[in-house]
Amino acid sequence: MYERKIGVLTSGGDCPGLNAVLRGVVKAAEKLNWQVIGFRDGFEGLLQPPQYTTLDHVSTAGIMQLGGTILGTTNKGHFVAKVGSGEKTAVPKDVVENARATLAKLEVEGLIVVGGDGSLTTALQLYEQGFAVIGVPKTIDNDLEATSMTFGFYSAVSCVTDALDRLHSTAASHKRAMVLEVMGRHAGWIALHGGISGGADIILLPEIPFEWGKVAEVIRRRDAEGYQSTMIVVAEGARPEDGNQQYQAIEGAEHRFRGIGDVVAREIEKRTGKETRCCILGHLQRGGAPGPIDRILGTRFGVKAVNLIQEGKFGRMVSYQHYEISDVPIADAVHQLRLVDPTAQLVQTARDVGISFADE
Ligand code: F6P
């Protein structure tokens, strides 16, 4: 007989490391003789009739190395708290009450929400309405405030690095410019880290609007210097100084970004005459096995979330700061996104190794 019952759900876009969190939650909970209920498909599983499964050491054995989430997830549905370009919206009252009734009926004493900015905004709304919620920060974008890293990010960076390694050889063989479009609607962390690690020549970020003339200048200069090819990494949310971001508006959800890579490739050909191709990495960045950093971070986050329930510290989010796992108010994490500071040391380091952001 278990002493307490807690719940966990994974919400928003999936990312590598979610299963490591679930496994960490279960291991820490079972040590306390607590039972873990895993709600399916994000917050949707809380609606009556609830969709859930009991998670234990048997059902979570061998899941750490799996991509995705065994619970399923969604970034749409009844609990969406961010739409468009990240504007807040309130979860309807009847939906909140429906979820409250589910948790009461199942006698769930604490709910761990594993999610990014949108899902943690929902979690905060629930907490403010009396739910016993703990947040765990997840996103490949690494753009959550109040934690210096989210799990999923380094697995995505590793995917970008691998893609650039592969694209280098084909670009050099054909003496082409190669544009790689990577994820990052608002924050360019994946583009910045992946670009540096994969040896990009130009990185275009949402935080640093670029000039077409500068992009063309770098390519012409490299050709004159005898380089065979030029590698350009562009975050999906990047935009030229005199132009717009490329996205599709989606009813009741956040905008879907895609297409800036092709725009950049076409403009390079027009301005320089250099043959250019574009590769959109897309959801490959979100899939597959988590790397070691994300497995470890996910495990640490899962365990800490259980510790916080034990301490009754609801409304808090686990956070990675200075190599340690601590906790912060969820509210601190969702009031704004953590963006790349154009004056940051890493941006300067990139410039010092000759990477251009096409802005100066
Ligand atoms: O927030 C994570 C993220 O992967 C973004 O980088 C990307 O723009 C978005 O989710 C894609 O969402 P979807 O899976 O709905 O296409």
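Domain bounds here come from an automatic or database domain assignment. On that basis the protein is divided into domain 1 (4-151 + 290-334) and domain 2 (154-285), and the C-alpha centres of domain 1 and domain 2 lie 33 Å apart. This is a predicted model, in which local features need pLDDT of at least 70 and side-chain atom pairs count only at pLDDT 80 or more, while totals for chains, interfaces and linings use all residues. Residues are numbered from 1 along each chain as its sequence is written, and side-chain values use heavy atoms, with hydrogens and water left out.

**The domain interface**

Contact, meaning heavy atoms within 4.5 Å, takes 17 residues from domain 1 and 14 residues from domain 2. About 1,300 Å² is buried between domain 1 and domain 2, and carbon and sulfur atoms give 57% of this area. Buried area is the accessible area (1.4 Å probe) that two parts lose on being put together, summed over both. On the domain 1 side, G84, I140 and D141 supply 38% of the area buried against domain 2, more than any other three residues.

The count of salt bridges between the two domains is 0, a salt bridge being a side-chain nitrogen of Lys or Arg within 4 Å of a carboxyl oxygen of Asp or Glu. Polar contacts do occur: 6 residue pairs, both at pLDDT 80 or more, are in polar contact between domain 1 and domain 2. A polar contact is a pair of N or O atoms within 3.5 Å; within protein, one must be able to donate a hydrogen and the other to accept it, and residues adjacent in sequence count only if both atoms are side-chain atoms.

Helices (H or I, at least four residues) and strands (E, at least two) are DSSP runs, numbered from the N terminus.

The structure as a whole holds 19 salt bridges. One of them joins D117 and K82. D117 lies in helix α3 (residues 117-128) and K82 in strand β4, so this pair ties together parts that are 35 residues apart in sequence.

H57 is placed in the loop between β3 and β4. Leaving aside residues up to four places away in sequence, H57 touches V26 and E30. H57 and E97 are 40 residues apart in sequence and 31 Å apart in space, C-alpha to C-alpha.

Distances for selected pairs:

| Pair | Kind of distance | Value |
|---|---|---|
| D117 and K82 | salt bridge, closest N and O atoms | 2.7 Å |
| H57 and E30 | polar contact, side chain to side chain | 2.9 Å |
| C279 and C278 | cysteine sulfur atoms | 6.9 Å |
| C159 and C279 | cysteine sulfur atoms | 9.4 Å |

**Cysteines and backbone**

A search of the whole structure finds 0 disulfides, with a disulfide taken as a pair of cysteine sulfur atoms within 2.5 Å. The cysteine sulfur closest to that of C159 is in C279, too far for a bond. C279 is likewise in no disulfide.

Two backbone features follow. A cis peptide bond joins Q48 and P49, with omega about 0 degrees; P49 is in the loop between β2 (34-39) and β3 (52-55). K175, a residue other than glycine, has a positive phi near 55 degrees, and K175 is found in the loop between α4 (153-174) and β8 (177-182).
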